[in-house]
Amino acid sequence: MKTNINKEIICKLSVLIMFFFCAMIPVHADSGPKPSLSIQCEGFPENSYVTVLSTVSDYGPNSPWDSKEHDDDYFATRTISREVYEAISEKARQEREAGTPCYFWGVVTKCSEEYLFGYWPPEEFRILIYMEDSGQFLLSEETYTRKAFRTHYQCTYSEDGLIIKDVSSAFPSFSGILARIILTIVIEYLVSMIFMKHTSKSRIVLILANIITQLFLNGILSAATMKYGSGTPVYLISLLIAELVIIAAEWLIYRKWIPREQLKNPFICSAAANVSSYVLGLLAMSAIPVFPM
């Protein structure tokens, strides 16, 4: 009896410690929808490159690209030369000296490929095209603002300059939400095996509970992102409250629908599963910042 009580106390303390640890981590890779920026270029000459220049110097983990911070090994793994990066960086510096706030954060792509800034893209930016063979630069006259979720532009080359069209979707794609729900279910199912004796009924209960709570989480985070932006205190508070509500909801669902002989500690199971899915989702999206939206 004493052993069981000690074991339960240890489990609860472990969960609280994990929650405290998670709360201290900057939320840039949770399983909720995140902003991304992509540009599709058409009609540009060979050896042309596309990038965006932020209107602010620093944002999140981003800061102006500096050639002194990158040795030859950095470029050995890339298909774009040091000279291209340095030319774009110099162009950004010249624009700043001319009075236009432009900062190059080191994300550049060939115009023949889709440009994708999937991790903390700038909130306000200009689109820049560099045609290496002629040494010509084309900088958008307008400053563009990314949306809460996926921002997508088409950039076409013409004799009059750049033709830029916003073709963004106002909401995250179904595939992105579905991918996050599946990832959460897989992680929480594996964790629940530690605490639960699975039956056909318990599996259905777990899957349905996760679908409902993940739709709730995505709705809360979507609303917080659209109104306040991601990474803000309001967003972080919304995430924490939503996670606590989800733990409580899944605890009540498991307690009501799964017999005690199959699950003795529904609260510990719910808390451990949700903390694990949060942490593993954070690590997965840190390793693969481009997450389908």
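Visitor: Where is leucine 139 found?
Guide: Leucine 139 lies in strand 6, residues 136-139. Strands here are DSSP runs (E, at least two residues), helices are H or I runs of at least four, and both are numbered from the N terminus. This is a predicted model, where local features need pLDDT of at least 70, side-chain atom pairs count only at pLDDT 80 or more, and totals for chains, interfaces and linings use all residues. Residues are numbered from 1 along each chain as its sequence is written, and side-chain values use heavy atoms, with hydrogens and water left out.

Visitor: Is leucine 139 partly exposed or buried, and why?
Guide: Partly exposed, because its relative accessibility is 23%. Buried means under 20% relative accessible area, exposed over 50%, partly exposed in between (1.4 Å probe, protein chains only).

Visitor: What is leucine 139 in contact with?
Guide: Leu53, Glu95, Arg126, Ile127, Leu128 and Leu162, leaving aside neighbours within four places in sequence. Contact means heavy atoms within 4.5 Å. The C-alpha atoms of leucine 139 and leucine 128 are 4.5 Å apart.

Visitor: New topic. Which residues touch the most other members in the largest nonpolar core?
Guide: Ile39, Ile127 and Ile129, out of 20 residues. A nonpolar core is a set of buried Ala, Val, Leu, Ile, Met, Phe, Trp, Tyr and Cys residues joined through side-chain atoms within 4.5 Å.

Visitor: Which strand gives the largest share of this core?
Guide: Strand 5, with four residues.

Visitor: And pLDDT, what does the chain average?
Guide: The average is 81, and 78% of the residues score at least 70. pLDDT is the predictor's confidence in each residue, from 0 to 100.

Visitor: Which element has the lowest mean pLDDT?
Guide: Helix 1 (residues 2-23), at 45.
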